Amino acid sequence: MKGYLGIDVGSVSTNLVFLDEEGRVREAIYLRTRGQPINALQEGLRQLAGRLPENTGILGVGATGSGRFLAGIIAGADVVKNEITSHAVAASTLVPGVQTILEIGGQDSKIIILRNGVVTDFAMNTVCAAGTGSFLDQQAARLNIPIEEFGQLALQSTAPVRIAGRCAVFAESDMIHKQQMGYSLPDILAGLCEALVRNYLNNVGKGKEILPPVVFQGGVAANAGMRRAFEQALGWKVYVPPHYDVMGAVGAALLAREKMAGGGSTRFRGFGVADTNFKAGGFTCENCPNLCEVVEITCEGEAVARWGDRCGRWSGSLGYQDEEIRNAV
Amino acid sequence: MKVTFPHMGHMWICLSAMLEYLGVNVVVPPPTSKRTLTLGARHAPEFACLPLKLNLGNFMEAAEQGADTILMAGGCGPCRFGYYAQVEHAILEDLGYNYRLVVLEPPRKHIGELLSKIKYITGHNSWREVIKGIYFGYQKARMVDDLEKQAHFLRPREVQRGSTDRAFKRALQEVIAARDPQDLPKVREKVRRIMGAVAVKPRPVLRVGIVGEIFTLLEPFVNYDLERKLGYLGVETDRSIYLSEWINDHLFLGLVRGQRSRKEACRAAAPYLNHFVGGHGQETVGSAVIYARQGYDGVIQLLPFTCMPEIVAHSVLPGISNELGIPVLSITVDEQSGEAGLVTRLEAFVDLLARRKGVVVQ
């Protein structure tokens, strides 16, 4: 079997997918990043190699997510793409004709508007992370319910309670207040979903023309309560695609396929990198008052990539890296 | 008397040329850095915009090098910048600094006061010499602006990444080194050769107009080197404000012909925003309209967090985007901004423009 590898290293999860040559998702892996992107990526590659038949050929690799440059260096990516483009490509391939993508991940939420298959507008949350996965996680933990049951519980609500959703901190104090008043847990959870949807539509979705078909993806799409709250607020059916939680990785793999269609061979370092000793280190450059925090990635003790410097003194000193990143972006 | 002034991009080149030509002792603050920001943000009110925080940091760092007199621009609102000089001075006094403050108010409102302030700074020089000095500074500003414009064109087309930046740096040194107006023609010739040596290859590029608040536009530290980042992504940029245009508009009252003027921008803004809203709010709206008419692929608005004039413009821009069919991305910066988020947005915006246009850049 031959196919394409998509890698999405995000703040909360690290996802890998393997697409066959027709673009079908054959394997999908969802792991927690736990603040250790290199380990998570290596673990993902190890698991993926275990699941794929031994003679599987990787034709191309795409990397996305906030850790895309890191992932691109470690795995050897042919395409390094931002998560907005990757999500849009995945949704429009899996749900042809999609006009609106609601995406809520671990720490960011975005809205992407497409017309005729092309992204025409997008927005990301800027100063506020209320309503993202991390907040739901935290509230579920506080209420002592597994995050997986959050959505089903919310669906049992008959009269959602109104929760102040402008700010995550105040939403939490309002929830505590509502608990103390004696409202039932499902009603509070459903109210929280509605508040978060309100917050999302007012902050991220403001001024955007939301037209159907609407796709809801990202880790939070697993929450049936959030999905119902979106459907009620928008008045349209909200479609959650089968691989909603790894759509970024699917998009990256599709972009790799698009890129490799132009010919050339992949830069994939092979599944062996799972056992190679990669280290991310950092130091503060003291050559000027900017005090840039330079990140250095080493492979078996040898520096393979650097970034984080404003002037290019460090990132530019590894001659081939510029060209490498430039070709990949 | 040792005169200092706040940084705003390459403005220091023009200002020190002007002042040093007139024999004034100048202390250029160290380039704006994270340290500047840390110093300024620690002592400035949280809700003031970034320019106040950085000005303050500049003055504190200049004091370490012996500066004792601040030269600052004033203003008459509604933008808060008009009282920043006084507020910054008061904060510095509270911190124990002993600075003299000279505020240059706009000539349209206070011409007499402006002239007496200039006289105070330039001392024994005749008005003829003062005018020559100001014009010398202006010419340098123009040369720097021309260099920046060339860099905007070259960066997305350069064969070897970084060659434009290296040439630009070298050319800038030449402009900085010129001591006398008579040397300028020679310098002009030399920098033309330096910039001409950057190898380019024809490739499809996108064109993006950058509009917004002047300080955020001109200071690369604040906008995270936006123009360079876009250049590397295969985008040729233009900026709605250049320093020399601002000088011509506001100090020379538009006397120098052949330079773009804010009047055109205000005329273009009229159907959408027919009133002065302070700062460069009206110019932002008008310039976005002009870029759309000129066939640019997109517009990026830059503003410091809590900037009132640009917030007004921000709420007008979606209408222009819809009516004229040009994508607009607004970027707000303050001391809490993160570079990663900015890079993601820029990349996605460039992808959007490229796919819309049906070209592959880079």
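Helices (H or I, at least four residues) and strands (E, at least two) are DSSP runs, numbered from the N terminus. The structure is a predicted model, in which local features need pLDDT of at least 70, side-chain atom pairs count only at pLDDT 80 or more, and totals for chains, interfaces and linings use all residues. Residues are numbered from 1 along each chain as its sequence is written, chains are lettered from A and ligands numbered from 1 in the order in which they are written, and side-chain values use heavy atoms, with hydrogens and water left out.

Tyr224(B) sits in the loop between helix 9 (214-218) and helix 10 (226-232) of chain B, and its phi is near 55 degrees, a positive value in a residue other than glycine. With a relative accessibility of 13%, Tyr224(B) counts as buried (under 20% relative accessible area; exposed is over 50% and partly exposed in between, with a 1.4 Å probe and protein chains only). Arg34(A), a residue other than glycine, also has a positive phi, near 50 degrees. Arg34(A) is found in the loop between strand 3 (25-32) and helix 1 (37-51) of chain A and is exposed, at 68% relative accessible area. In chain A, the peptide bond from Pro212(A) to Pro213(A) is cis, with omega near -5 degrees; Pro213(A) belongs to the loop between helix 7 (185-203) and strand 9 (214-217).

Next come the aromatic rings. Over all chains, 11 aromatic pairs were found in a search of the whole structure (rings of Phe, Tyr and Trp, the last by its six-membered ring, pair if their centres lie within 6.5 Å; planes under 30 degrees apart count as stacked, over 60 as edge-to-face and the rest as tilted). The rings of Tyr138(B) and Phe252(B) are edge-to-face, because their planes stand at 65 degrees, with centres 5.1 Å apart. This pair links distant parts of the chain, 114 residues apart: Tyr138(B) is in helix 6 (residues 127-154) of chain B, and Phe252(B) is in the loop between helix 11 (243-250) and helix 12. Tyr138(B) is buried at 2% relative accessible area, and Phe252(B) is buried at 15%. In chain A, Tyr200(A), Phe216(A) and Phe230(A) form one aromatic cluster.

Helix 6 of chain B also holds Trp127(B), which is partly exposed at 37% relative accessible area.
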